[in-house]
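Okay, hi everyone, I've got a few minutes and one structure to show you. Let me put it up on the screen, and then we'll go through it piece by piece.

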Amino acid sequence: MAAAATPGGGEVALKPRTSPKSVKFLFGGLAGMGATVFVQPLDLVKNRMQLSGEGAKTREYKTSFHALTSILRAEGLRGIYTGLSAGLLRQATYTTTRLGIYTVLFEGLTGADGTPPGFLLKAVIGMTAGATGAFVGTPAEVALIRMTADGRLPLDQRRGYKNVFNALLRIVKEEGVLTLWRGCIPTMARAVVVNAAQLASYSQSKQFLLDSGHFSDNIFCHFCASMISGLVTTAASMPVDIVKTRIQNMRTIDGKPEYKNGLDVLVKVIRYEGFFSLWKGFTPYYARLGPHTVLTFIFLEQMNKAYKKFFLSG
């Protein structure tokens, strides 16, 4: 920390220079996009698993591994990266908005003496930021679901979107602008559930591990608590996620949509596919959660270091 001389001859500490908020938001979005490049195949497998067996049809994939090998065999290596442009746009919109809203609310609710908000208020801020980010990111989410689902359909039934921008333009032209926000309620609900479950389960898991006497408050303990938290978060959010996926992928047949609302999705999935089908795609969803978070923070740290080196040093 730098120091400046005062008229009396003493020194007063100056606050270290930090990157502006706009750069922080930009880096947050870019870090999420970088992580998506690595986990996109898991997202595709999860979406295909959730649509497998829809409408009482025979389940296409027995396991996540079967889904992955089937996609590779039928569509090639490029096939598992179908929808990457939509995944990148989702991160650019959702992550950037969530980070921006969270920062603004957190700073606005910080006391005049610098006291940060309490745990419950942080949870409310996190859920509000998550829901707002999810609303902004819903159009990219709709495009992503449809693009990743296309390869499982017969050629004459495929939508054939070339990229995310082609998808968005065609959706507006063919189905109306409001279709871009189809499924925004379950998308926002999932964001709220994920934020709430992560906050509650992580702190509880960490405390449980520390109380067991086998762990110290170190990075290994944090990793184990994160894995447990990811398990709880996945289990809690998957039923909402399958509702979102089915609604965003549905077609309108003879003027009637396949599903009336989210509750109709839940009822039909349980009735025709079984109760535990609400957790289809559990393995890739869980496998994606950890690496995406870790990679996001790695990329974020590297970008912050580079910015500090080239723009803030000296």
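Predicted model: local features only at pLDDT ≥ 70, side-chain atom pairs only at ≥ 80, totals over all residues.

If you search the whole structure, you get ten aromatic pairs. Take Tyr102 and Phe106, for example: they make a stacked pair, with 5.8 Å centre to centre and 25° between the planes. Where do they sit? Both are in helix 3, which covers residues 84-108, and they're four residues apart, about one turn of the helix. Tyr102 is partly exposed, at 30% relative accessible area, and Phe106 is partly exposed too, at 21%.

Back to Phe276, then. Phe276 pairs with Phe275, and this pair is edge-to-face, 5.4 Å centre to centre with 80° between the planes. Phe275 has 45% relative accessibility, so this one counts as partly exposed. And there's also a cluster: Phe27, Tyr307 and Phe311 form one aromatic cluster together.

Okay, next stop, helix 2, residues 64-79. If you had a straight helix of 16 residues, at 1.5 Å a residue, you'd expect a span of 22 Å, but helix 2 spans only 15 Å between its end C-alpha atoms. Where does helix 2 bend? At Arg73, by about 85°.

What about the side of helix 2 that's tucked away? Its buried residues are Ser64, Ala67, Ser70, Ile71 and Gly79. Those buried residues pack against helix 1, which is 21-51, and helix 9, which is 282-312.

Let's zoom in on one of them, Ile71, which lies in helix 2. Which residues does Ile71 touch, leaving aside its neighbours within four places in sequence? The list is Leu44, Val45, Arg48, Tyr61, Gly76, Gly79 and Ile80. Look at Val45 in particular: Val45 and Ile71 are 26 residues apart along the chain, and their C-alpha atoms are separated by 8.4 Å.

Methods
Residues numbered from 1 in each chain as written. Heavy atoms only, no water. Helix = DSSP H or I, 4+ residues; strand = E, 2+ residues; numbered from the N terminus. Expected span 1.5 Å × (residues − 1). Bend = angle between axes of the 7 residues up to and from the residue. Buried < 20%, exposed > 50% of the residue type's maximum accessible area, 1.4 Å probe, protein only. Contact = heavy atoms within 4.5 Å. Phe/Tyr/Trp six-rings, centres within 6.5 Å; stacked < 30°, edge-to-face > 60°.
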